[in-house]
Amino acid sequence: MSGINWNECSVDFGEASYPYYFGEDCLDRIVASMAGYGADRFLVVTDDNVLQLHGEKLLPALARVAPVDVFSRPAGDGAKSLHNLGACLEQAIAAGASRQSVVVAFGGGVPGNLAGVVASLLFRGVRLVHIPTTTVAAMDSVISLKQAINSTHGKNHIGTYRTPEAVYFDAGLLSTLPSKQLRSGLCEATKNCLAIRPQSIAQMRDRLAAGDLASPQTLLWLLEESLEAKCSVMAQDTYEQRAGLILEYGHTVGHAVEMCDQRLRGSDGLSHGEAVMLGMLAAARISNAMGALDDAAVAVHEELARALGVGTEMPGGLLIEDVMDVVRVDNKRGYLTVSGEEAAMVLLGRLGVPLGSHDLPLTAVPLGIVKEAVATLVPDNQ
Ligand SMILES: NC(=O)c1ccc[n+]([C@@H]2O[C@H](COP(=O)([O-])OP(=O)(O)OC[C@H]3O[C@@H](n4cnc5c(N)ncnc54)[C@H](O)[C@@H]3O)[C@@H](O)[C@H]2O)c1
């Protein structure tokens, strides 16, 4: 991205395709491009941090194109709620939204997902654009059609698929991102290396060792890696319901830990990526216990977690039974027939190779084995 003010690539997922524009300090170009939509108004979905840090850079310029309504909530996964979905839809309609309106997701994966569901439901579907401001959003959630909010029972239970008109990524917006959130996106990129592209593990190690994770070169490399990994599996599985489920590696236990931690500590808790990394450690140990993944591959997981600088244990206070309650209602249920005493999980047989089939990379895991793996994440002093 260094020296590149404006660039474009295409996200191609078989049936769906959309442009991904990226550059540095390019909000003027973004607004100029969005002026081409002929929108009668923009509904900007964001969170209070992003609004405070970057709202002034985008909103006045956008308002010169069409009226802007802002829906903002306190940051954190708790914002992905049915309550906020309803409130956002009502606000949009009260403000005068029409089928010609455009929903703008401005922020991380949380506002992005909420905006995606809103764009799907408002008048049975209006246009959606993403302006991601976190590594998770820029490198992961916008490279997917999945849009979801949480139920009170678990993560991403209520959702839709929505193809955006475009993604606009201004790397300059990431200059304010705390290191913890920067690393969060790198955890998802590490997942892609472990589960899909082990040939990239060496380069990931080098990048992590070199530091300067926010450099434009590193961000560009991450973006290219993520597009390569995700498009390779989604070319044949646009909706991530078969081969694309490999992208859920680490997410069964990861989502459960994320949700339990969110209930305890709100937005001060684990980042999404940190939770997924814990979920990958659990998945690797489960696969190892089931005689599939060898010790060396498990050690690679642990080494990368340390290199990422993220924790290898759950935060104190999280209870194994609470985590297991969320695992039991994981949103992958139903893709694979499992008994009430099993969870359908993505496991690896080798690095880059799922256990089970490439076409449906899920394994029925006895809940007792999952629980033992979750127990390995409990801090020694708890
Ligand atoms: N396929 C998908 O749709 C998909 C994929 C991955 C993750 N997700 C979802 O995305 C969410 C996680 O995304 P996230 O990690 O971006 O969370 P997030 O949106 O909560 O952002 C993380 C934190 O960073 C702050 N922030 C955002 N941009 C900032 C900036 N430029 N400077 C300073 N602070 C900034 C936010 O206010 C928040 O506190 C989860 O809900 C997860 O389920 C969805």
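This report covers the ligand shell, the salt bridges and the cysteines of a predicted model.

## Basis of the values

Because the model is predicted, local features need pLDDT of at least 70 and side-chain atom pairs count only at pLDDT 80 or more, while totals for chains, interfaces and linings use all residues. Residues are numbered from 1 along each chain as its sequence is written, and side-chain values use heavy atoms, with hydrogens and water left out.

## The ligand and its shell

The ligand is surrounded by 29 residues, of which the closest are Asp 77, Gly 109, Thr 133, Thr 134 and Thr 176; a residue is near a molecule or strand if one of its heavy atoms lies within 4 Å of it. The shell divides into nine nonpolar, 13 polar and seven charged residues, where Ala, Val, Leu, Ile, Met, Phe, Trp, Tyr, Cys and Pro count as nonpolar, Asp, Glu, Lys and Arg as charged, and the others, Gly among them, as polar. At least two shell residues come from each of α2 (48-63), α4 (109-121), α5 (135-141) and α6 (179-195); helices (H or I, at least four residues) and strands (E, at least two) are DSSP runs, numbered from the N terminus.

Oxygen atoms of the ligand lie 2.7 Å from an N or O atom in the side chain of Thr 134, 2.8 Å from a polar side-chain atom of Lys 80 and 2.9 Å from a polar side-chain atom of Asn 49. The ligand taken alone exposes 870 Å², and the protein buries 92% of that; accessible areas come from the Shrake-Rupley method with a 1.4 Å probe, and for residues only the protein chains shown count as cover.

## Salt bridges

The model holds 18 salt bridges, a salt bridge being a side-chain nitrogen of Lys or Arg within 4 Å of a carboxyl oxygen of Asp or Glu. In one of them, Asp 77 pairs with Lys 155, the closest N and O atoms being 2.9 Å apart. This pair links distant parts of the chain, 78 residues apart, with Asp 77 in the loop between β4 (68-73) and α3 (82-95) and Lys 155 in the loop between β7 (146-149) and β8 (158-161). Asp 77 is buried at 12% relative accessibility, and Lys 155 is buried at 5%, where buried means under 20% relative accessible area, exposed over 50%, and partly exposed in between (1.4 Å probe, protein chains only).

A salt bridge also joins Glu 248 to Lys 146, with closest N and O atoms 3.1 Å apart. Here 102 residues separate the partners, Glu 248 lying in the loop between α8 (216-234) and α9 (251-265) and Lys 146 in strand β7. Glu 248 is buried at 9%, whereas Lys 146 is partly exposed at 29%. Within helix α9, Arg 265 and Asp 261 lie four residues apart, about one turn of the helix, and their side chains meet at 2.8 Å, N to O; Arg 265 is partly exposed at 35%, but Asp 261 is buried at 2%. Salt bridges that share partners join Lys 146, Glu 240, Glu 248, Asp 330 and Lys 332 into one network.

## Cysteines

The count of disulfides is zero, a disulfide being a pair of cysteine sulfur atoms within 2.5 Å. For Cys 9, the nearest cysteine sulfur, that of Cys 231, is 8.2 Å away, and Cys 9 is partly exposed at 21% relative accessibility. Cys 187 is buried at 0%, and its sulfur is too far for a bond because the closest cysteine sulfur, in Cys 193, is 12 Å away.

Key. A polar contact is a pair of N or O atoms within 3.5 Å; within protein, one must be able to donate a hydrogen and the other to accept it, and residues adjacent in sequence count only if both atoms are side-chain atoms.
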